[in-house]
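The sequence and structure are shown first.

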Amino acid sequence: MYFLKLIFKNIFRAKLRTGLTILGLMIAILAFGLLQTVVDAFYAGSKSASASRMIMRNSVSIVFPMPISYRERIKGVDGVRAVTISNWFQGTYKERKNFFPQFAVDSENFFDLYPDFIVPAEDLLAFKRDRQGAAVGRKLAEQYGWKIGDVLPFSGTIYPGNWQFTVRAIFDGRDETTVVKQFYFHYDYLNEELKKKSPRRADQAGVFIIDVTDTSRIADIARAVDAEFKNSLAETLTETEKAFQLSFVQQSQTVVEAIRLVSFVVIIIIMAVVANTMAMTARERLSEYATLKALGFSSYFVAALIFGEALVLCLFGSGIGILLTVPAVILVSYTPLGNIFASFTLSQDTVALQAGSALVLALVASIVPSIKSARVKIVDGLRHVG
Amino acid sequence: MKIPFSYIFRNLWTRKLTTILTAAGMGLVVFVFAAVLMLDAGLKKTMVGTGSFDNVVMIRKGSETEIQSGVSREQASLVESMPNIARGPDGKPVVSKESLILISLNKKGQERGSNIVTRGVSPLGLTMRPQAKIIRGRLFREGSSEVIVGRNVNEQFDGAEIGQALRFGGRDWQIVGIFDAQKSAFDSEVWGDVEQLMQSFRRTSFSSVIAQLSRSDGFDKLVADVDDDIRLNLQTKREQIFYEDQSRALSTFITILGTVLSVIFSLGAMIGAAITMYSAVATRTGEIGTLRALGFRRPSILAAFLLESLLLAMVGGLAGLFFATFLQAITISTLNIQSFSQLAFSFVLTPKIIIQTILFSLLMGFIGGFLPAIKASRMKIVDSLRAA
């Protein structure tokens with residue numbers, strides 16, 4: 001018990017230095033937590049993606065469509081349970097900065113393939129009945145303050161012209177990780193308009209979403225559907241939804257890796273600060289440590305004293321930092337930065353990493369001073385003046 | 001009376017471990033700060049270098065990028081006949097009608113594809129981009145399924161070597177040459193014959209029309225002419241501006257992230273400097289008393305400690321800057337959110353960044369050392385002498 005007491009007494013001897021070090025630790029651990037959350041946010045889409053659904057796209061690249069007639073042929077492949085269409089729309093709602101994903105989907109069976117989304121039955125029916133209806137995710141609706149019945153004007157970028165949708169359904173996610181920031185509307189509405197305006201672009205699907213009967217055969221089924229369209233005008237590439245989502249993250253991988261790297265740099269910076277604090281502390285108290293040794297305490301005791309002090313310091317600073325991360329993440333998720341991402345939430349892994357780095361910080365910061373103080377000869381130590 | 005500089009320097013020298021740790025912390029912050037500025041400068045240089053001031057890009061109104069746009073053959077020929085557009089020696093308009101597709105290639109060491117712009121260009125399109133030069137192999141032949149690839153595509157992606165073929169649009173496209181476009185965005189592209197490319201994708205309209213102005217100041221007139229013609233549903237931009245706009249989102253992202261990081265990190269480093277300086281003041285209380293007793297005034301004491309902190313920051317700053325210069329050798333390729341394709345750019349160090357970085361480190365030193373220096377200068381002679 002006296003050991004702990006000694007540590008605490010030591011820590012609060014230089015109040016200012018301790019205070020500043022704890023403040024530094026707090027900021028660093030908070031920054032580390034936020035940066036890790038940003039990295040996680042990049043992967044949010046792929047995390048919530050299903051490994052049992054498949055996405056089929058044009059093999060050249062995602063921007064090329066496929067003829068809608070492929071749908072029937074996909075259905076004919078053994079192991080395919082259902083197929084639906086999804087087209088990336090990318091319209092502008094009022095202002096260009098209002099970015100959120102919009103898809104034209106086959107309203108008839110889209111939500112059947114996505115049990116991840118919970119849509120009230122009567123709303124789903126209302127959505128299906130209104131050709132200009134839209135189904136929007138809960139978070140998106142909250143962000144823009146939409147209610148059922150609201151009429152929303154869009155201007156197209158890929159599909160020129162003005163578009164109008166009426167909110168008919170607002171859906172929730174099955175659990176926390178489900179992303180509910182999407183905007184879905186009728187593929188038929190898009191297609192009918194295209195037939196009038198630019199018929200060459202009509203009857204094309206951006207991607208086909210395929211549900212399979214047996215997930216253990218998913219790779220074989222993917223190969224089988226791709227083989228169906230080999231040597232056609234639009235060759236296809238089918239992969240699981242998870243792999244499809246990951247391919248998007250991979251395109252920005254350099255940025256993601258840079259953020260991850262930088263998040264560790266902040267730990268190294270604070271490591272230098274804490275190591276400095278410990279070095280100064282030990283230097284000032286060298287004669288005290290010598291006294292302890294003269295009284296018969298072992299070198300290990302002195303080393304443990306310094307490590308213990310570093311540990312308490314780091315746990316204290318990091319503890320506050322971790323506690324602050326929780327409200328900070330929530331705060332950021334409401335800013336424009338947080339809105340870019342499908343989901344911006346603090347994961348348990350991040351908290352574990354934060355706590356882990358506190359331990360590493362304490363260990364690294366106390367290594368040199370511990371060894372130095374433990375090794376000091378009693379005579380030299382007693383002679384030493386801070 | 002000023003306190004000699006050697007006193008200040010020797011104080012840092014005596015406590016090497018503390019000096020190194022504090023300077024290292026600051027150096028890392030400066031490194032991150034410089035890296036972000038360099039990255040943004042590199043991106044801007046790439047985008048500005050991509051466009052020529054006297055070239056204009058026309059895409060369909062309402063679209064934001066060439067990929068989203070469509071320009072019909074009729075519209076394209078109307079543009080060709082406009083005044084204010086330069087004529088070549090043969091009297092033909094200097095116009096390139098281009099078609100863009102995105103293909104998917106695997107970055108070296110990755111299993112999944114990244115989007116690469118493949119640009120179909122008219123014969124004149126090559127002369128309109130004088131920065132692009134073939135460095136290996138030869139140009140593609142008109143009317144053939146041959147392509148040339150930009151330097152970055154060649155270096156950073158699999159299957160982009162001369163003699164290999166890219167498979168898209170139901171054809172194999174032979175790579176016959178590598179071109180270098182002086183670190184512009186074109187280095188991240190694949191170029192081929194526009195008519196062949198459109199045929200293979202059964203396209204009837206171009207993506208964009210690039211035209212050279214006959215006179216640099218004829219831009220406003222051309223914009224007015226295009227806007228007046230109701231058959232032309234096009235927006236016109238100078239090529240330089242067009243490419244700058246294309247990277248705005250990425251640039252903003254880098255700037256915001258970089259600023260936030262620099263501010264947070266510098267807080268940590270400033271705290272480190274403050275701890276060091278407070279401790280320097282505390283351990284040297286007796287010295288301060290002696291100095292004062294010798295006749296050094298309070299401002300001199302203040303200046304000495306402040307200078308010590310600034311020196312510390314300067315050492316850290318220069319070290320950070322030194323290591324940041326090595327970043328210039330690195331070229332990174334990442335997704336440009338707006339054009340939805342890969343864009344390669346490097347870290348670029350400019351004189352302005354050097355000055356900004358040094359000022360930034362001095363500012364950290366000043367803020368970190370200010371309060372301890374004040375504390376030192378306020379000490380009473382008697383008290384401080386007694387404390388020792």
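In this predicted model, B:I101 stands opposite B:T118 in β3(B). Helices (H or I, at least four residues) and strands (E, at least two) are DSSP runs, numbered from the N terminus. Residues are numbered from 1 along each chain as its sequence is written, and chains are lettered from A and ligands numbered from 1 in the order in which they are written. In this predicted model local features need pLDDT of at least 70, side-chain atom pairs count only at pLDDT 80 or more, and totals for chains, interfaces and linings use all residues, while side-chain values use heavy atoms, with hydrogens and water left out.

**Strand β3 of chain B**

The pairing of β2(B) with β3(B) is antiparallel and extends over eight bridges; two strands pair if DSSP finds at least two bridges between them. The two strands form a hairpin with six residues between them, and B:G109 in the turn has a positive phi of about 85 degrees. β3(B) is also joined by five bridges to strand β8 (residues 189-193) of chain B, and these two run parallel. In that pairing, B:V117 stands opposite B:E189.

β3(B) is mostly covered, with nine of its nine residues buried; buried means under 20% relative accessible area, exposed over 50%, and partly exposed in between (1.4 Å probe, protein chains only). From this strand B:G113, B:N115, B:V117, B:R119 and B:V121 point one way, whereas B:S114, B:I116, B:T118 and B:G120 point the other way.

**Interface of chains A and B**

In contact (heavy atoms within 4.5 Å) are 54 residues of chain B and 55 residues of chain A. The buried area between the chains is about 4,600 Å², and carbon and sulfur atoms give 67% of that area. This quantity is the accessible area (1.4 Å probe) that two parts lose on being put together, summed over both.

The rule finds two salt bridges across this interface, a salt bridge being a side-chain nitrogen of Lys or Arg within 4 Å of a carboxyl oxygen of Asp or Glu. One salt bridge joins B:E64 and A:R96, at 3.2 Å from N to O. On chain B, the elements that each supply at least two residues of the side touching chain A include β2 (95-106), β3 (113-121) and α9 (248-283). The most comes from α9(B), with 15 residues.

**Salt bridges**

Over all chains, the count by this rule comes to 41 salt bridges.

| Pair | N to O distance |
|---|---|
| A:E288 and A:R13 | 2.8 Å |
| A:E284 and A:R17 | 2.5 Å |
| A:R73 and A:E228 | 3.6 Å |

A:E284 lies in helix α11 (residues 253-284) of chain A and A:R17 in helix α2 of chain A, so this pair ties together parts that are 267 residues apart in sequence. A:R17 counts as buried because its relative accessibility is 11%, whereas A:E284, at 31%, is partly exposed.

A:R73 is in helix α4 (residues 70-75) of chain A and A:E228 in helix α9 (residues 218-228) of chain A, so their pair connects parts 155 residues apart in sequence. A:R73 is partly exposed at 38% relative accessibility, and A:E228 is partly exposed with a relative accessible area of 35%. In chain B, salt bridges that share partners join B:E66, B:E98, B:R119, B:R129, B:E189 and B:E239 into one network.
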